[in-house]
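I open the notebook on a new model today.

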Amino acid sequence: MSLKRTAAELAASDSKKPKTNASIRSFFTVPKPTPGAAASRSSSTPKFNKEAWVKTLTDEQKELLKLEIDTLHESWLIHLKADLVSKEFLDLKRFIKKEIDSGKTIFPPQQDVYSWPRHTPLNTVKAVILGQDPYHNYNQAHGLCFSVRPPTPAPPSLVNIYKELAIEYPSFKAPPKQGGLLTPWADRGVLLLNACLTVRAHEANSHSGKGWERFTQKVIDTVAKVRTNGIVFLAWGASAQARCKAINGQKHLVLKSVHPSPLSAARGFFECGHFKKANEFLKTRYGDDGEIDWDLNVDPEEAGL
């Protein structure tokens, strides 16, 4: 299967009528784009003069926010720029700078902290999967929740996610070599967002309570506000569910269950049906082209490696 089409192309057909008697295979097949729709969607994106905005920053702000200026996708930056210059966020960046300057190893690598907006521009978001803390060992975290780079094998929670997919879609096959790379989902419009975006090496939750939670809550609220045609929030575990309390259930779909961790998955994650339910909802809002292809057996080059 080719993954040459990205979420930007998949988001192009909000109004296409759904086909009747669609097979399960349709959930694993990338649909064809609707001619002309992508252009109309991109034209509705607010204009943003990034260079002019940067000129309004102080020298210290430019230094502290260099990563955001260089790597935060502009579709998100236009909505998050006010938060970036807030006292809370600048204090967070001062804390991270102090960590790095003192020789601490921080995960994910700096260039990957904002992988989630790079792979999933705001105007392409169809679903949001909420995680908590980045993985804190080498060659794991790369800015997408639950995802790890090869050759690192899929962590236990992701293995359980694969098991649930196989329950819902018997034709689903986990990636070869115990792979755990989820960039294909991100490229198809699944925002893979952790509550905290960084962590100190080998110290779980070491950056929690420093300001990331406030920022990523703004990300969630922005998605709910901007994606007016409706998207799906997959809230697994109490922490994720708390972050979705303000979501308008008339406009969006919030799917709740226990976390897929081995400690809790058997208490309601298995057979939750969330992947099918997500596609059923998206089909009503966007037509067949709105369904998410959950297949992960792709060429590594096409997956962004």
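This is a predicted model: local features need pLDDT of at least 70, side-chain atom pairs count only at pLDDT 80 or more; totals for chains, interfaces and linings use all residues.

**Entry 1: charged pairs.** I looked up the salt bridges and found 16 in the structure. I picked out Glu68 and Lys93, whose side chains meet at 2.7 Å, N to O. Glu68 sits in helix α5 (residues 66–71). Lys93 sits in helix α7 (residues 87–101). Are Glu68 and Lys93 buried or exposed? Both are buried.

**Entry 2: a second pair.** I turned to Asp293 and Arg188, which form a salt bridge at 3.6 Å, N to O. Which parts of the chain does this pair tie together? Asp293 lies in the segment after α13 (274–286), and Arg188 lies in the loop between α10 (183–187) and β3, so the bridge ties together parts 105 residues apart in sequence. I checked burial against the 20% cut-off. Asp293 has a relative accessible area of 4%, so I log it as buried. Arg188 comes to 2%, so it counts as buried too.

Entry 3: Asp288 forms a salt bridge with Lys283, with the closest N and O atoms 3.6 Å apart. Asp288 is buried at 12% relative accessible area. Lys283, at 19% relative accessibility, counts as buried under the 20% limit. I then followed salt bridges that share partners, and they join Glu60, Lys87, Asp91 and Arg94 into one network.

**Entry 4: the sheet.** I traced an open sheet of 4 strands in the order β3-β2-β5-β6, with parallel pairing. Why do β3 and β6 each have one side left without a neighbour in the sheet? β3 (190–194) and β6 (253–257) stand at the edges and have a single partner strand each, so one side of each has no neighbour there. The twist averages 20 degrees from one strand to the next. I looked at one pairing in detail: strand β5 (residues 232–236) and β6 pair in the parallel sense over 5 bridges. Phe233 stands opposite Val254 in β6.

**Entry 5: cysteines.** How many disulfides are there? The count comes to 0, taking a disulfide as a pair of cysteine sulfur atoms within 2.5 Å. I checked the accessibility of two cysteines. Cys196 is buried, with a relative accessible area of 3%. Cys244 also counts as buried, at 5%.

Notes: Residues are numbered from 1 along each chain as its sequence is written. Side-chain values use heavy atoms; hydrogens and water are left out. Two strands pair if DSSP finds at least two bridges between them. Helices (H or I, at least four residues) and strands (E, at least two) are DSSP runs, numbered from the N terminus. Axes are lines fitted to C-alpha atoms, for helices over the stretch in contact, and angles run from 0 to 180 degrees between N-to-C directions. Buried means under 20% relative accessible area, exposed over 50%, partly exposed in between (1.4 Å probe, protein chains only). A salt bridge is a side-chain nitrogen of Lys or Arg within 4 Å of a carboxyl oxygen of Asp or Glu.
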